[in-house]
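I opened this notebook to record what I looked up on helix packing and strand pairing. The entries follow the order in which I consulted the model.

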Amino acid sequence: MRRRAARNFLPELSGEAAAHGGARVASEGFDPHSHLRPKSLFQELQRQLSFRFDEASQVLKNTPHMLLDAIVDSTFKFTDQTLLPSESNFSPVDEIGESIEILQIEGEIPTDFPEGVYIRNGSNPLFGALHSTVSVFGESNEIWVEGEGMLHALYFTRNYSDSWSVSYANRYVESPTLKIERDRKKPCFLPAAQGDSATVIAAYILNYLRFGKVNKSISNTNVFEHRGRVYAITESHQPEEICIQNLETGNTWDIQEEWDRPCTSHPKVAPGSGELVIFGSDAKRPFLVVGVVSDDGTKLKHKVYLRLDRPTLCHDIGVTLKYNIIMDLPLTADISRVTTGGQLIEFEKKGYARIGVMPRYGDAESVMWFDVEPCCMFHLINCFEDGDEVVVQGLRSADSIIPGPRLNKHGIIPERSELKRDGKTMKRRIDEKFFSRLYEWRLNLERKTVSGEYLTGIDWSLEFPMINSYYTGMHHSYAYAQIVDSLRSGGGSERVLPKYGGFAKLCLEERENVKKRSAEDLIKMEIHQLDEDQFCSGASFVPRVGGPHEDDGWIISFVHNERTNTSQVNIIDTQEFEGDPVAKITLPRRVPYGFHGTFVHSNMTGHVNTGPAKT
């Protein structure tokens, strides 16, 4: 069975927009409250392609939930998906309850390392595996990123003797849908991410009728902090507030109930103002909405319906001192593809691409669009203003692993191209079309022109970038990324998920001092390679408090050894980047591979709102 997978870009096909409260709203002329009434539900599904589940609910509003449950139980058979041998560390783990003190530390945690919590999010399926269903409609499958979010946290506390106390904890993000399935002690939501069209449509409708949602709220992609509060997030849902002290889940973030749609996994704190810039994408109009949250995190100050003509799947947004940066690229979530036998998510190779520069409080008309060469890009590194230009840096590839991300042997450069370093055979590389390389666009606001260049070559494919967060939206000199080490497979035809075998330090102000055959003027890179059979996830930059230089700090990351099946947290001095980690902290439990991590300083209050939650 061929599995098509995607990152957490599943749209929350929600109802129409709610009232906008006190937020300032700038629209493209689209009235979020207007809608057509279909002659029948399925005619509207086929004609409008907007899945108005509220109308389906009206049709069956008197149908007892017990009857709907009985229909699902008798029609759909859930089965566990199996993992390949090379994917063993993608399998879920159990919650451990109370935190566990760490006793095994190799090296020393620096005395000036800050107190706080290193926390990472990731997929951890609730019932031991991802699921598929078989029914009279056909098959549908969960994709590997759909597992429920689990937080893994390492607590750093300095004792009175100036020694370190370190402890580890994990806990599920208790989203409303996790609570539903945990209470029922079985999987209940029908997979709706991929599969036969009739099955996916049936799953959308039945999930909505039974639970008021077409897919689960998994909150498994990222963790972010804003004004003393910490949130778990994925783009198919709104953020879930987390108590950093015990990983307890509080309420769904509502900013006074003025934000009525999902929220990006990568909100950005605007330099200077401290406001939080967000956006939400959807598979129906309006396809993209941008918001600005007050610096204290309590009010939605601005809301804009952007004028897009396709359901583009943005994963990241950029900010500068004055602007919001919008990436309108040809990775889309188009419902019409589902109704005609295709997949919801697809990279449109013949589609267009453009970058929008929007004043912080601008409207749809104020966005200045720059056409660029079509590409795929999930993560920006940074954006900043430079005279008349806005500089946009991101990790760009020519094609998309979505609807991968499993890559077969044809996506690997032949074995003769394996790298050699210090006498060791390095792991094979991905074909260039899947390479994520650092690219820099320069958008001239006066001349309305755009130029761009690659800043890294094809020796190292990069993903999950990070910078010193104090430089977000500002000119900076350094960035860091995980190195895609793909494809150590257990058989000639086996396909594996991307893994990350090391880290790169990107010296943006320094160009390579050796001439290459390529005409590209590439930047200097430093490489921290992990040992064979070791892979990392959730890396974050931790700045040294009071450090005089931008790169004064550490990279901290979870690292798993597949040979010994043990997990550690490594701390790497970024000014001695290619050297050994200054500390390796062995964890009491295996930590599966995950997504994004962050470091939360100990001045956090741990406050979490646990009042009546929104569902």
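**Entry 1: a helix pair**

I began with helix H3 (residues 65–75) and helix H5 (residues 197–211), whose axes come within 10 Å and cross at roughly 150 degrees. Angles over 145 degrees count as roughly antiparallel, so I recorded H3 as roughly antiparallel to H5. I note here that the model is a predicted one.

I then looked up the handedness, and H3 passes H5 in a left-handed crossing. Which residues make the contact? On the H3 side I listed His65, Leu68, Asp69 and Val72, and on the H5 side Leu206, Leu209 and Arg210. Sorted by class, the contact of H3 with H5 comprises four nonpolar, one polar and two charged residues.

I turned next to strand S12 (residues 229–233). Is S12 largely enclosed or left open? I found four of its five residues buried, so S12 is largely enclosed by the rest of the structure.

I looked up the pairing on each side. Strand S11 (residues 222–226) pairs with S12 in the antiparallel sense, over five bridges. Strand S13 (residues 240–242) also runs antiparallel to S12, and three bridges join the two.

I used tyrosine 231 of S12 as a reference point. Phenylalanine 224 stands opposite tyrosine 231, and tyrosine 231 in turn stands opposite glutamate 241 in S13.

I also checked the connections. S11 and S12 form a hairpin with two residues between them. In that turn I noted arginine 227, which has a positive phi of about 50 degrees. The hairpin from S12 to S13 runs through six residues.

Definitions and conventions. Residues numbered from 1 in each chain as written. Predicted model: local features only at pLDDT ≥ 70, side-chain atom pairs only at ≥ 80, totals over all residues. Heavy atoms only, no water. Axes fitted to C-alpha atoms, helices over the stretch in contact; angles between N-to-C directions. Parallel < 35°, antiparallel > 145°, perpendicular 65-115°, else oblique. Left-handed = near helix turned anticlockwise from the far one by under 90°. Contact = heavy atoms within 4.5 Å. Nonpolar A, V, L, I, M, F, W, Y, C, P; charged D, E, K, R; others polar. Buried < 20%, exposed > 50% of the residue type's maximum accessible area, 1.4 Å probe, protein only. Pairing = 2+ DSSP bridges.
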